[in-house]
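Please read these notes with the structure open beside you. They are numbered so that each point can be checked in turn.

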Amino acid sequence: MSELNLILLGPPGAGKGTQAERLREDFGLPHISAGDMLRAQVSAGTELGLKAKGYMDAGKLVPDEVIIGMIIDRVGDEDARDGFLLDGFPRNEEQADALGQALKGLDRRLTAALLIEVPDEEVVRRLAGRRVCVKNPTHIYHVEFDPPKHEGVCDQDGARLQQRKDDAEETIRNRLAVYHEQTEPLVDYYERLGLLRRFDGSRNADEVHRHIRAALATLRLEEKL
Ligand code: ADP
Ligand code: ADP
């Protein structure tokens, strides 16, 4: 079987995590969320978590030496052998170079970079209304666009829903500025490599999912030919 080594690109709140969860089920690939991995380190009070926390609360990128090793190790894990969905990494050119080199060292390469495009004002609406399960952060809701059946309670495991600290409006603006400055240049980067696939993220989550799934099915067919 051909590998599906995928990265999800796009501003905060574009729906990367939402789509990654759906694609994980479709294609049986691990969803590797840089943000979730960092937050787990912060909760556990590890040295890495302590280094990352201040940057995350301020909406800035954590330093490359904190994140690159952690993600590259994870990509080399057994469950990612047939592919992965990398969500929130890379976020700058140094990280993209490091990922490319690490894959090369494993005799692998990226299959595609999936860009989910959403305008800034929609990002603010989405992040301000985002609620996340305290028990499993991949269970993601929105107070207006994807509300749980019972307010404040996760449909999937009954745990409490909470708002992320960095989803406060002022921090959202910082994160958007960081995205435009440091992460958006990766759109050209992956376009030059012929890996970029664009998706209109302002559509509803089901439609975005259908479009991405169809594009990946086509990619797979092309690889087999
Ligand atoms: P978003 O909802 O913005 O996509 P994430 O959960 O991906 O948020 O990231 C939350 C925070 O974690 C970021 O604002 C940043 O501080 C840190 N972070 C996540 N991924 C990276 C990365 N690849 N490089 C540096 N910092 C990161
Ligand atoms: P990211 O991982 O890119 O930061 P999330 O997947 O966490 O984004 O989504 C951000 C918020 O927007 C969540 O509250 C989610 O429920 C909501 N959301 C995701 N996709 C859509 C969509 N297509 N339309 C409306 N709301 C969405």
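This is a predicted model: local features need pLDDT of at least 70, side-chain atom pairs count only at pLDDT 80 or more; totals for chains, interfaces and linings use all residues.

1. Residues are numbered from 1 along each chain as its sequence is written, chains are lettered from A and ligands numbered from 1 in the order in which they are written, and side-chain values use heavy atoms, with hydrogens and water left out.

2. Which residues are closest to ligand 1? They are Pro 12, Lys 60, Gly 88, Arg 91 and Arg 175, out of 19 residues that surround ligand 1. A residue is counted as near if one of its heavy atoms lies within 4 Å of the ligand. Helix 2 (residues 34–44) gives the most to this shell, with four residues. Helices (H or I, at least four residues) and strands (E, at least two) are DSSP runs, numbered from the N terminus.

3. By class, the shell around ligand 1 has eight nonpolar, three polar and eight charged residues. Here Ala, Val, Leu, Ile, Met, Phe, Trp, Tyr, Cys and Pro count as nonpolar, Asp, Glu, Lys and Arg as charged, and the others, Gly among them, as polar.

4. Polar backbone atoms also approach ligand 1. The one of Lys 60 is 2.6 Å from a ligand oxygen. Nitrogen atoms of ligand 1 are 2.9 Å from a polar backbone atom of Gly 88 and 3.0 Å from one of Val 62. The protein covers 96% of the 550 Å² of accessible area that ligand 1 has on its own (areas come from the Shrake-Rupley method with a 1.4 Å probe).

5. Ligand 2 has 18 residues around it, and Gly 13, Thr 18, Arg 130, Tyr 141 and Arg 203 come nearest. The shell divides into seven nonpolar, seven polar and four charged residues. An oxygen atom of ligand 2 is 2.8 Å from a polar backbone atom of Lys 16, and a backbone N or O atom of Tyr 141 lies 2.7 Å from a ligand oxygen. For Ala 205, a backbone N or O atom lies 3.2 Å from a nitrogen of ligand 2. Of the 560 Å² that ligand 2 exposes when taken alone, the protein buries 92%. Helix 1 (16–27) and strand 6 (140–142) are the elements that give two or more residues to this shell.

6. Two strands pair if DSSP finds at least two bridges between them.

7. How many bridges join strand 5 to strand 6? There are three, and Arg 130 stands opposite His 142 in strand 6. The two strands form a hairpin with six residues between them. Strand 5 (residues 130–133) pairs with strand 7 over two bridges, and Cys 133 stands opposite Leu 161.

8. Helix 5 (residues 93–105) and helix 8 (residues 185–192) pack at about 35°, with axes 10 Å apart. Axes are lines fitted to C-alpha atoms, for helices over the stretch in contact, and angles run from 0 to 180 degrees between N-to-C directions. Glu 93, Ala 96 and Asp 97 of helix 5 meet Leu 186, Tyr 189 and Tyr 190 of helix 8, where contact means heavy atoms within 4.5 Å.

Conventions: A polar contact is a pair of N or O atoms within 3.5 Å; within protein, one must be able to donate a hydrogen and the other to accept it, and residues adjacent in sequence count only if both atoms are side-chain atoms.
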